[in-house]
Amino acid sequence: VGLLDVGLCGPSIPRMLGIEERDVRQCSEGWLPVYFDSKERLGVMSIAFLLASRGDAVVWRGPKKTAMVKQFLKDVYWGELDYLIIDTPPGTSDEHITVVENILACKPDGAILVTTSQAVATADVRREVTFCKKTKLPILGIVENMSGFACPHCSHCSNVFSRGGGELLAKHAGVPFLGSIPIDPKLAECGDEGTSFIEAFPESQACKAIQTIVRNLGKELKQ
């Protein structure tokens, strides 16, 4: 699996995986991705590997961002992949347009859209649905994030914010709803520390929700 982080202004994937201190190497075919483990089952590429420190800001206008995304797509030597996952920032800006223009010929499986339940958030993601339809990019489904709060003591899930906005958006858009993930403080801690939440808390509600989403996504990919 290849994981490409095109969040140029806020690259977070390397930190969440605990590999941000590693360096990108080059070979005759181009840049080599940074591998998560010695078995090289997950390769990662991000601008975070090219910055001197975590606090460095990328202050680029559109053309330079576009050129960087193109370079990631064309100059990284992934080898033979089963899947290439491209993580984009929110919105429908330069990064998204560049990615779609450069991968449509490869007939990608589609996009996974992530929203929270609030109406303001679903309105933004509704624009992303429109973007996908205009660019003829298939939509694999919608995920609702921060859907309720999973108590770390009793595992009860409380609806701190509204709930169900992602599922309602999926219904209106005519696309699959893949599932919802509750707020879990341990999930945030693992992301900050670069440790595996799935391995550390396999019985948590958030872990079970993520696994349900993966299963539902697998069904969509098989169709």
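Glutamate 40 counts as partly exposed because its relative accessibility is 47%; partly exposed lies between buried (under 20% relative accessible area) and exposed (over 50%), with a 1.4 Å probe and protein chains only. The model is predicted: local features need pLDDT of at least 70, side-chain atom pairs count only at pLDDT 80 or more, and totals for chains, interfaces and linings use all residues. Residues are numbered from 1 along each chain as its sequence is written, and side-chain values use heavy atoms, with hydrogens and water left out.

**Positive phi**

- Glutamate 40 is not a glycine, yet its phi is positive, about 55 degrees.
- Most residues other than glycine have a negative phi.
- Glutamate 40 sits in the loop between β4 (34–35) and β5. Strands are DSSP runs of E, at least two residues; helices are runs of H or I, at least four residues; both are numbered from the N terminus.
- Methionine 146 also has a positive phi, near 55 degrees, and is a residue other than glycine.
- The loop between β8 (139–144) and β9 (149–150) holds methionine 146.
- Methionine 146 counts as partly exposed because its relative accessibility is 37%.

**Whole chain**

- The protein chain has eight helices and 11 strands.
- For 223 residues, a compact globule would have a radius of gyration near 17 Å; the protein chain has 18 Å, which agrees. The radius is taken over C-alpha atoms, and the globule rule is 2.2 Å times the number of residues to the power 0.38.
- Along the principal axes, the C-alpha atoms fill a box of roughly 50 × 40 × 35 Å.
- Buried residues make up 36% of the 223.
- Of the contacts with a separation of 6 or more, 69% join residues 24 or more positions apart. Contact means heavy atoms within 4.5 Å.
- The accessible surface is about 13100 Å², and 53% of this belongs to carbon and sulfur atoms. Areas come from the Shrake-Rupley method with a 1.4 Å probe; for residues, only the protein chains shown count as cover.
- There are 24 positive and 27 negative side chains, and the centres of the two sets lie 7 Å apart. Lys and Arg count as positive, Asp and Glu as negative; His and the chain ends are not counted. Each charge is placed at NZ of Lys, CZ of Arg, CG of Asp or CD of Glu.

**The β4-β5-β1-β6 sheet**

- Four strands form an open sheet in the order β4-β5-β1-β6, with mixed pairing. Two strands pair if DSSP finds at least two bridges between them.
- The edges are β4 and β6, each pairing on one side only.
- Strand β1 (residues 2–5) runs parallel to β5 (residues 43–46), with four bridges.
- β1 and β6 (residues 84–87) are also parallel and joined by four bridges.
- Glycine 2 has glycine 43 as its bridge partner in β5, and stands opposite leucine 84 in β6.
- Leucine 4 stands opposite isoleucine 86 in β6.
- In a regular strand the side chains alternate between the two faces of the sheet.
- In β1, Gly2 and Leu4 point one way, Leu3 and Asp5 the other, and all are buried.

**Strand β7 and its partner β8**

- Five bridges pair β7 with β8 in the parallel sense.
- Threonine 115 stands opposite glutamate 144 in β8.

- Helix α3 (residues 94–103) has Glu95, His96, Thr98, Val99, Val100 and Ile103 buried.
- These buried residues pack against α2 (62–75), β6 and α4 (119–134).
- Valine 125 lies in α4, and counts as buried because its relative accessibility is 4%.
- Beyond neighbours within four places in sequence, valine 125 is in contact with Leu113, Val114, Thr115 and Leu169.
- Valine 125 and aspartate 75 are 50 residues apart along the chain, and their C-alpha atoms are separated by 30 Å.
- Alanine 209 belongs to helix α8 (residues 205–222), and is buried, with a relative accessible area of 12%.
- Leaving aside neighbours within four places in sequence, alanine 209 is in contact with Ser180, Ile181 and Pro182.
- From alanine 209 to cysteine 27 is 39 Å, C-alpha to C-alpha, and 182 residues in sequence.
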